[in-house]
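Student: Hey, I've just opened this one and I'm new to it. Can you walk me through it?

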Amino acid sequence: MPGSASSRLVDPVRTLLVSMVLVEVTSGFTQQYLSPLLPGIGVRSGITSAQISWIYVVQTVSMAVLTPVLSRLGDSHGYRRILRLSVGMVTVGSLLMALWPTLPLLLLGAVLQGGVVGFMPLMIGILRNRAGDEASRRGIGILVGALLLATGFGGIVAGVFGASDARHGLWVGVAAGVLGLVACVVMPDADTRPSAERFSMTAFGLLTVGLAGVVLALSQGSAWGWTSAATLLSGAVGLAALALWPYAELRTDRPMVDVRVFRNRRIAVLSVVTFFLAFSTLGSIVVNATFLAADPASGGYGFGLDSDAIGWALLAFIAAGIAASSLTPFALRRIGDRATLLAGGVATAIGFAGLALAHDDLTVFLILTAFNGIGLGVFESATRALSVEAVPQEDTAIAAGINELVLSLGAAVGAAALSAALAAHSDVTGHVATGGYTTGWWMCCAGGVLAGISALLLRRQSLLPGTEVPAPVPQPTSSY
C-alpha cells in the first residue's frame, strides 16, 4: 500500500526532527541561562567579577577546542553516539554547577558545557544521512529557529527561577540537559558505518593551544591591556600554534580537521561569510545589551532598562532571526545561494548603519536590531546547509564543525573588537562616550558589507579533486 510506505518514511523523519528540536532547546538554554545568574551567584558565593569573567573565558575556550574534536568523532564513531556523549557532558556540567556553585565547580561545569558545540554538526550529520540535502535545508532552518528561540527565552526563564536566589536558577540548566538526554534516547540513528579512525594527537595539541591562546587574548585583552605581556604572549603562542597546526594535519593520514577542505572554493567563501556575519551579529549582542541598560540621565544615552526588560527587548532581534532562518531554505531554492547570502549581508549592514545614525528612540532601536536578526537567521541557516552540501556525506559533521568553529571565532573577534572600541572612548571613571558605540556599530556595518561582497564570490563548483557529489538519499514528499 503506497500510503503505508509513505507513512513508514515520514514518521521516522518527523520523530527525528522533533527530537532534534528538543536537543536544540537544550543548546539554547545552556548558552544563555547563566548570563543573568552569575552576578547574583558571585555575591552569594564570594566570587569576584574578575573570577566570574573567567567562567566565560573557560567556556569559550572549551567550545573552541571541542568543536572540531566532537565533529570528527561523530564522523568516525557515529553521530548519535557522540551526540549522546555531548549532551551527557553538558548535563553533568550543569548538575555540578547546581549542586556545588563554588568557583572550582563552576569552572569545571563550564568546561563540560563546552560540549554544546557538538549538537548542531552532529545532528546535521544524522539529518543529511536520513533525509537528504533538500530536506536537510528545511530541517536546519527549523533547528536554527528552535536554537534562537530557546536562546531568547533561556535567560528570561533562568531569571524568573533565580529571582529570590540566583543559585536556584542553575537548575534550569539541569532540566534542559535532562530534556536533551531524553530526546537523544528516542532519536533515530543515522544509517552510517563509523570508520572508528583515530586522529593525530600532535595536531590536536597544536589546535588546542592555538585556539586557547587566541581566545584568551581576545577575550581578556581589554582586562589585561591590549599591549600587556600576558595578552601579547597569549596571542603570539596561539598564533604560532595555529600556524603549525595545518602542517601537522597534512602530515597525517587521519587528520582531525582535513584542512584540504578549504581548497573547495565554496567552503572557503562560506567560511568568510560566516566569520563576518558572526563578527557583526553575535559579537554585538553584549554591546547592544549594555546600551539598552545605560541610564540616559547620567550618561546621555541608552534607555535604562533592567535585566528582565533587556531580555524582552532582545526578543525583537531573536524573533527576526527565527523568521529569517525559517524562510532561508525557500530563499535558497527560489533566488539562489549568492542572492540569499547577499540579502543577509545587506540586512546586517542596514541595521548597524541605522543604529550608528539613529539610536535615541527605543522603537527605532528595536526595529534596526530586527534587521540584524535577519542577517543572523540567514547565515545561521544558509551557511550550515551549504557547507555540508559541499562535501561527501562521510565528512558532513566535520564540515558543519568547521562552520561552527569559524562562527565561534567570528563572534569572539567581534566581541573583542567592539570591547576595544568602547575602551578607546571611555574616561578615567569608566564612562563610555557615545562614540564608542557608534564606532562599534560602524565596524559591524562593515562586517555586513564584507559578508555581502564575499557572497558574490560564491559559485557552483565540484568538490575536492577526485571526489564526487554523493547521490541524494530518497526523501519523503511531505514537508516538515
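Student: Let me start with a pair I clicked on: are Arg-266 and Asp-337 buried or exposed?
Tutor: Both Arg-266 and Asp-337 are buried. Keep in mind that this is a predicted model.

Student: OK, and what do the side chains of Arg-266 and Asp-337 do?
Tutor: They form a salt bridge, with an N to O distance of 2.9 Å. Side chains of opposite charge can pair when their charged atoms come close.

Student: Let's zoom out. How many helices and strands are there?
Tutor: The count is 18 helices and zero strands.

Student: And how much of the protein is buried?
Tutor: Of its 480 residues, 54% are buried. As for contacts between residues at least 6 apart in sequence, 81% of them join residues at least 24 apart.

Student: Now I'm looking at H4 and H7. At what angle do their axes cross?
Tutor: At roughly 160°, and the axes of H4 (residues 79-99) and H7 (residues 171-186) come within 8 Å. Since angles over 145 degrees count as roughly antiparallel, H4 is therefore roughly antiparallel to H7.

Student: Is the crossing left-handed or right-handed?
Tutor: H4 passes H7 in a left-handed crossing.

Student: Which residues make that contact?
Tutor: From H4, they include Leu-83, Val-87, Gly-88 and Leu-95. On the H7 side, Trp-171, Gly-177, Leu-181 and Val-185 are among them.

Student: What classes of residue are in the contact of H4 with H7?
Tutor: There are 11 nonpolar, six polar and two charged residues.

Student: Switching topic: where is Ile-55 found?
Tutor: Ile-55 is in helix H3, which covers residues 49-77.

Student: Why does Ile-55 count as buried?
Tutor: Because its relative accessibility is 2%, and buried means under 20%.

Student: So what is Ile-55 in contact with?
Tutor: Leaving aside neighbours within four places in sequence, Ile-55 is in contact with Leu-38, Leu-103, Leu-106, Leu-107 and Ala-110.

Student: How far apart are Ile-55 and Leu-38 in sequence and in space?
Tutor: They are 17 residues apart in sequence, and 9.2 Å separates them in space, C-alpha to C-alpha.

Notes: Residues are numbered from 1 along each chain as its sequence is written. This is a predicted model: local features need pLDDT of at least 70, side-chain atom pairs count only at pLDDT 80 or more; totals for chains, interfaces and linings use all residues. Side-chain values use heavy atoms; hydrogens and water are left out. Axes are lines fitted to C-alpha atoms, for helices over the stretch in contact, and angles run from 0 to 180 degrees between N-to-C directions. Helices (H or I, at least four residues) and strands (E, at least two) are DSSP runs, numbered from the N terminus. Angles under 35 degrees count as roughly parallel, over 145 as roughly antiparallel, 65 to 115 as roughly perpendicular and the rest as oblique. A crossing is left-handed if the near helix is turned anticlockwise from the far one by less than a right angle, and right-handed if clockwise. Contact means heavy atoms within 4.5 Å. Ala, Val, Leu, Ile, Met, Phe, Trp, Tyr, Cys and Pro count as nonpolar, Asp, Glu, Lys and Arg as charged, and the others, Gly among them, as polar. Buried means under 20% relative accessible area, exposed over 50%, partly exposed in between (1.4 Å probe, protein chains only). A salt bridge is a side-chain nitrogen of Lys or Arg within 4 Å of a carboxyl oxygen of Asp or Glu.
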